[in-house]
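Please look over the structure below before reading the notes that follow.

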Amino acid sequence: MQNRYSQRVPMDCSVMFAGDNCVGEGRILDLSLPGCLIESPKRMTAGEYLQLRLFLPDHQAPLHVALAAVRWVEGAKLGVEFIRTSEDERRRLEQFVRRSPAYSGPSPWSEGIVLLGATGQ
């Protein structure tokens with residue numbers, strides 16, 4: 001299993017989605033920069049591709065994800081990875097996640113390498 005590369009932020013907002021063989025709606029239970037956890041009564045299978053409209057609680061127009069993939073399904077819950085969205089929507093999503101009270105930011109160890117005893121010239 002691949003390590004998570006972005007913190008999940010608990011969420012409760014609506015989502016609408018459409019794919020080749022389905023149209024549905026559900027609730028976003030958590031959100032991260034590369035994807036989200038959706039709960040929906042619509043039956044989905046891993047590997048399906050979707051377009052999403054996320055109704056974030058920031059009182060703006062729904063955030064559009066042009067291409068997302070269902071990575072796993074467990075009952076009514078599905079893990080979705082965002083594959084393609086506009087640069088503006090990506091920035092909006094990043095700002096929204098980082099402003100969330102539940103977001104604790106990246107680990108200080110992920111910021112880079114510090115060379116102890118090195119002299120800067």
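## Strand pairing

Two strands are taken to pair if DSSP finds at least two bridges between them. The model discussed here is predicted, and in it strand S4, covering residues 49-55, is joined by 5 bridges to strand S5, covering residues 63-74, the two running antiparallel. Within this pairing, Tyr49 stands opposite Ala69 of S5.

S5 and S6 form a hairpin in which 2 residues lie between the strands, and Gly75, in the turn, has a positive phi of about 65 degrees.

## Helix H1 and its buried face

The 13 residues of H1 should span 18 Å at 1.5 Å a residue, and this agrees with the end C-alpha atoms, which are 18 Å apart. The buried residues of the helix are Glu89, Arg92, Leu93, Phe96 and Val97. Seen down the helix axis, these buried residues fall within an arc of 130 degrees, and they therefore line one face of H1. An α-helix has 3.6 residues a turn, so residues three or four places apart point the same way.

What do the buried residues of H1 pack against? Their partners are strand S1 (9-19), strand S2 (23-32), S5 and S6, whereas Asp88 and Arg99, on the other side of the helix, are exposed.

## Glu89

Glu89 lies in H1, which comprises residues 87-99. Is Glu89 buried or exposed? With a relative accessibility of 16%, Glu89 counts as buried, because the cut-off for that class is under 20% relative accessible area. When residues up to four places away in sequence are set aside, Glu89 touches Pro62, Leu63 and His64.

## Cysteines

How many disulfides does the model contain? The count comes to 0. Cys13 is in no disulfide, and the nearest cysteine sulfur, that of Cys36, is 8.2 Å away; a disulfide would require the two sulfur atoms to be within 2.5 Å. Cys36 is likewise in no disulfide, its nearest cysteine sulfur being that of Cys13.

Note on methods
Residues numbered from 1 in each chain as written. Predicted model: local features only at pLDDT ≥ 70, side-chain atom pairs only at ≥ 80, totals over all residues. Heavy atoms only, no water. Helix = DSSP H or I, 4+ residues; strand = E, 2+ residues; numbered from the N terminus. Buried < 20%, exposed > 50% of the residue type's maximum accessible area, 1.4 Å probe, protein only. Contact = heavy atoms within 4.5 Å. Expected span 1.5 Å × (residues − 1). Arc of directions from axis to C-beta.
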